[in-house]
Each structure stands twice: as structure tokens, then as C-alpha cells.
Amino acid sequence: MSFLELKDLRIHFPTDDGLVKSVDGLSFSLERGKTLGIVGESGSGKSVTSLGILGLHKGGRAQIGGEIWLDGEELVAADAEHVRTLRGKKMAMIFQDPLSAMHPFYTVGAQIIEAYRIHNDVSKKVARKHAIEMLGRVGIPQPDRRVDSYPHEFSGGMRQRAMIAMALSCDPELLIADEPTTALDVTVQAQILDLMRDLQRDFNAALIIITHDLGVVAELSDDILVMYGGKCVEYGTAEDIFERPEHPYTWGLLGSMPRLDRERTERLLPIKGSPPSLINVPSGCAFHPRCVFEDRTAGKGSSLVPELVETEGGHLVRCHLPRDQRRSIWENEIKPNLEAS
Amino acid sequence: MSEPLLSVQGLEKHFPVTKGLLQRQVAAVKAVDGVSFEVRKGETLGLVGESGCGKTTTGRLITRLIEPTGGKIVFEGNDITHMSQGKMRPLRRDVQMIFQDPYSSLNPRHTVGAIVGAPFRIQGIKTEQGVKKAVQDILELVGLNPEHYNRYPHEFSGGQRQRIGIARTLALKPKLIIADEPVSALDVSIQAQVVNLLEDLQNELDLTYVVIAHDLSVVRHISDRVAVMYLGKLVELADRKSLYESPMHPYTNALLSAVPIPDPKRRVERERIRLQGDVPSPLNPPPACRFHTRCWKAQEICKTVEPPLQKLAPGHEVACHFPENAPAAAAEAAPAAV
């Protein structure tokens, strides 16, 4: 069994307006030292998935089903108190907005020390030394002084570094980063991405990076999972997703994005419509109202939920179109349009 | 070359920092500090830079939403720098703004009809078949259903709301539109829809845009010319092709190389320039060349003499002592092979 394995994970929230199926049957696995990128638009269920793995929906109104196996241990049925002891030590999270994720009343050092001492039976002095070491490790200048700074005294990039130091302080084996660079400027984003790449290599952790930015995903990920309407629509290696994508939604994402590494195209090729509300997920394939190729599925698009099927060597696609047709559409109709004429 | 629609000369905005009971001014945030550029009729000028570089302030100065502390703004030959509210009003028809956040820029208690119709009411404009018809025509133009007239903003998705904002902007057929991060709050697939819409509207209505954005790929896609700002200064201004293919300012180079490329094959071979640290505070910017604290080419002169914005190739201006990709006889402005 893999280090992390999700089997048919379902996280549903009952609301006054109906059942919100934020995550609806998600399965994937991840090994130590590997990076999985989860891509999707707002409301696709990517953040709910990450909080679900950390066990942060426990005790709330969420209805959680399926299985999450972390290093041979099942977490969905596990006791909330037990999962709490794993958080920080075994798995940790880097949040999007470090200013709201850190406590403004406590110094950065105090927050790292607290987390470290919960999981390690050490004196304050030893923990403080460890905090300084971690801050230095993530590239904060003069860590022995900055350890006593408050979060507001840090710039955005430094805060995100401190946040990473905090997440790594207990040497977690699974690290989840939810939009870790979205709030940052592009030059700082590049620094943070480099840092995450280096640290992951040193710590040999399993990394899940959640983002809407395909560029960020391409920089870091070994494997990529594309989510739409709470389901995985395509899964494969980074090369699979960027060079031979087979799902119309993935094509749409690639066409929507202006790219600096190619000649400028005259027009972007957006996806029509907007992402579905999770209360009212379209029948059949959730993507069918926005899909350009829906008319080629002989009516199956709106009536039948397609299965996630392997097309080749671990590359999974959830689409009604037959494989050969998908490939020929990509080669002949999509790919040429993505490259400037 | 067509005539400039808007011309900005040495534009300055210093926000005072006050202290104590008497509110004495102790310092100033030099948000925009001597910026000059022209916007030609029918073109799109992209304004890029990191947060705190003054790009949004520049946009708000041009629209006269805030009062400049120095410099000159000339619109269609008229100096509007310190024009009074009353005199500005008729001009507001011609200069409009698209805002970043479609959730906070629309009044939640007004219907779409009231929001898009407001410019007509405020400017006292009579339309032939009534305001309602005019509003519905505009809604159709931006890709919304005319029947949405009586709905409220909360009934729409982010992309649709941004279309409502664009409809309001277009209501009075402006000549110049300042778009401040028009797509950054939207999902990827919706971003592309709005970018295409902006381009279509420009072609149809002969609009001139100043697009303020931090996303360099979006800016390349929509702009004809691009201006790069750093800490309140313009560091480079060029047409799209030369700026992206042969940037001269080290900062522009660094910005471009920091953009993540959606191509997993390229992540190994790609040569990157990594800037150290963050943007310094505009409260206390570095002297002379403001970029010298992060620049890998910086020498003594960069710390003492401020480089002027110079034209080193046709249509390509840069403020740097040691520009890259510069033609050999730079001072003579020899034609560069771009």
C-alpha cells in the first residue's frame, strides 16, 4: 500500500438548500518524496479534500465516507483525538494566507515552539533553538532575532516562509500546501517554489500542492489530478496532463491560459459558461453543459456519469468519448489551436 | 503614429504620513514618483509591477479619483491635472474604470438595471428609446441576457458580475478605459472569457485601454505596449514584442523569468533569475536606482546616480545604467534588430 491512499472519499455537507457534495468519490495514492498537484477552479472541492485528509471536518456537520490510509492507518473512521496527534507530526499544512493563518498576538517563534513541544518532550530552550534553526532553514535572515518578531512585522514572502518553517518543524511525512503562493508577488512566488522544491527533497516528504495555477503545478508536480465538480476528471503524470491531455475540461484550462513560453496566440480559447454550483451539480457528466464535444457522446453526456478509466499507463480519464476519438480531437482540433499559427 | 489620447508627465503622488496630536507630517509614501507616458488612441497600454509599485495609484490618478501632488495629466489636449469636480464631470463620460473585485464594486441593493443605468442618470443623458432600452442593449453587448435587468448582483457568478461592471463602464461610450486587475479575481476559464470580451469590445467600439495587472502572461496577451513599474518609478516602456523578447531592464528580466511556465519538460533546462528578498518599502525607497538593492548587475553608480528613462531603441525606453539586450550604439538610438 502507498504512503497515502484515498479510496472513494466523499465529503458532503447538508445545508438548508440541499446536500453539497464537495468531494464525491475521490481516489488517489501518493508515495513519500513525490508531489501531487491538484488543479481545479473555485468550488471544485480541492480545498475540502485537503482539510478532509487532515481530519479537520471531523466533529462538524460534514458527512464523510470512504477511506483515507496514511502510512497504513485508516483516518476516516479514526478517533478525532487520535487524528489530532497526527496533525503537525505526521501531516502538516501550509495555508494560502499566512497572515490569517498565524496568530497575531504571539511571536512567530512562540507559535513554532508551541507546535514543536506538543509533539516532542523537550524544554522551551531546546524548542526555541529548533525554531531558530527552522527559520534559518527556510531562508529568513537573522533567524535568532526574527524568532521574536510578530507576524505583522514580516513581509508577505517572509510570512509564507515562516509558515513553511512551522509546518516542517515536526518533520511531517505528508505536507499539504493549499494555494501556497497565490497571495504572493511573482518574484517572491518563484523564491517560495524553489524553497518548497529543495525542502521536499531534503525532508523526503509526500507533498500535495493545491492550486488553480497550471504554471505552479507544472513547476513542482510529478503527478497531477484535475478536479471538477467534486470529482477527479483526469489524473496522470505532469507529462500526461500537459502533453497528451484527454479530458475536454483539461483542454479548456490549457486554452484559457495565455502562455509566455509560446508565441502569442490571437485569441484565448475559453470554456463557455461557469463552474457549477455543488448543490446543483449537472446530471450525467458534471462538465457536459460546458463541453464543446457533448454532442459527440450520443446523449450520454447529460444522462450517465462517466467512469474514471485508465487510458494508458496510469493516465486516468473520466469522459464518455471513446479513447481514439479523444486522442484525435486533441491532436487535430485542440493542440494546433494552442500553438500560434 | 496616432496622436496621444492621454499624456502623463512627471506624475507624482506622495501620501503624507502624519504623527502626533497636531498631525505633523513626518514622512511621505512616494507611491508614484515622477511617471511619464503616453497612451495613443486605440491602443492598449499594459501597466505591470509587483504589489506596492504604484500601478493602481497611477490608474486612480489618471481617472482623477485621487489628487496628484505633482506632474501633469493631459487628456485630449486638455490639462485635467487639477480640474475641479464640476469641470471634471462631463469628462468622466470619456474616462471610465473597470475594478478588480466584482463582489465589492457593485452595490448589492441595486438591480443590474439601476447599476448600469446610473451613468445615464448622473450625467443626465436622454436616450431615444429610454434608459431601459439602452441598458439592455449594453447588457447584450457584454454577453449578458437583457432579461437580467431586474436582478440583483448576488444572483450572478463572478464572471457575470465582472460583465455587469464592464457594462456600466461602457454605458456612456467612453474613449479611455482604465482596467485595474480586471481578471485577477476570476477563475482561469472565466478569465479567458473576459479577456476575449475586452478585446472584442475594443475592436467594436474603438476603445483605448490602460490595463493594470500583475499577471505578465495576461498583459502580454492584451497589450500593444507595456510599461513596467518598480517602487513608484517607470523602469521600462516598450512595445509588447520588444519588451517580452528582448527586455532591457534587469527587473523586467527577473519578472519574466519568475513566471512559472506550464510545461513540465522545461523546468529543468530553464535558466532562472532569482531576485533576493522583497520589494523595499516605498516609505523609504533606496536612493538613486531603486532596484539596486536587488539587482545582480548593480555597481557603485547605481547607488549614487538615478538612471533617467532613456530611449535606447525605437519605442523602447528604459531607466538603467547597465541595460541588457541594448543595441551597441545605444545613445544614438540605432535601430535595433528585434
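User: Which residue stands opposite Leu6(B) in strand 4 of chain B?

Analyst: Phe75(B) does. Note that this is a predicted model.

User: What makes strand 1 and strand 4 of chain B a pair?

Analyst: A pair needs at least two bridges found by DSSP. Strand 1 (residues 4-19) and strand 4 (residues 70-75) of chain B are joined by five bridges. They therefore count as paired. The two strands run antiparallel.

User: Which sheet of chain B has antiparallel pairing, and what is its strand order?

Analyst: It is an open sheet of four strands, in the order 2-1-4-5.

User: What makes strand 2 and strand 5 of chain B edge strands?

Analyst: Strand 2 (24-40) and strand 5 (78-79) of chain B each pair on one side only.

User: Which helix lies across strand 1, strand 2 and strand 4 of chain B?

Analyst: Helix 1 (residues 55-62) of chain B. Helix 1 of chain B runs at about 115° to strand 1 of chain B.

User: What are the domains of chain B?

Analyst: The domain assignment gives domain 1 (4-94 + 174-294) and domain 2 (108-173). Their centres, taken over C-alpha atoms, are separated by 28 Å. Domain 1 of chain B puts 12 residues into the contact, and domain 2 of chain B puts in 11 residues.

User: What gives the largest share of the side of domain 1 of chain B that touches domain 2 of chain B?

Analyst: Helix 6 (residues 188-205) of chain B, with six residues. By class, that side of domain 1 of chain B has 10 nonpolar residues, one polar and one charged.

User: Why is Lys90(A) classed as it is: buried, exposed or in between?

Analyst: Buried needs 20 or more C-beta neighbours within 10 Å, and exposed means 12 or fewer. Lys90(A) has 18 inside 10 Å, so Lys90(A) counts as partly exposed.

User: Where is Lys90(A), and what does Lys90(A) touch?

Analyst: Lys90(A) sits in the loop between helix 2 (80-86) and strand 6 (91-94) of chain A. Setting aside residues up to four places away in sequence, Lys90(A) touches Leu70(A), Pro172(A), Glu173(A) and Leu174(A).

User: What makes strand 10 of chain A mostly covered?

Analyst: Six of the seven residues in strand 10 (residues 231-237) are buried.

User: What pairs with strand 10 of chain A?

Analyst: Strand 9 (residues 223-228) of chain A joins strand 10 of chain A by six bridges. Strand 12 (residues 315-318) of chain A joins strand 10 of chain A by two bridges. The cut-off is at least two bridges, so both strands count as paired with strand 10 of chain A. Both pairings are antiparallel. Leu225(A) stands opposite Tyr235(A) in strand 10 of chain A, and Glu234(A) stands opposite Val317(A) in strand 12 of chain A.

User: What do strand 9 and strand 10 of chain A form?

Analyst: A hairpin, with two residues between the strands. Gly229(A) in the turn has a positive phi of about 55°.

User: What makes helix 11 of chain A mostly covered?

Analyst: Eight of the nine residues in helix 11 (residues 248-256) are buried. Among them are Tyr249(A), Trp251(A) and Leu254(A).

User: What do the buried residues of helix 11 of chain A pack against?

Analyst: In chain A, they pack against helix 9 (214-220), strand 9, strand 10, helix 10 (238-243) and helix 13 (323-338). They also pack against helix 6 of chain B.

Definitions and conventions. Residues numbered from 1 in each chain as written. Chains lettered and ligands numbered in written order. Predicted model: local features only at pLDDT ≥ 70, side-chain atom pairs only at ≥ 80, totals over all residues. Domains from an automatic or database assignment. Contact = placed C-beta atoms within 7 Å. Nonpolar A, V, L, I, M, F, W, Y, C, P; charged D, E, K, R; others polar. Axes fitted to C-alpha atoms, helices over the stretch in contact; angles between N-to-C directions.
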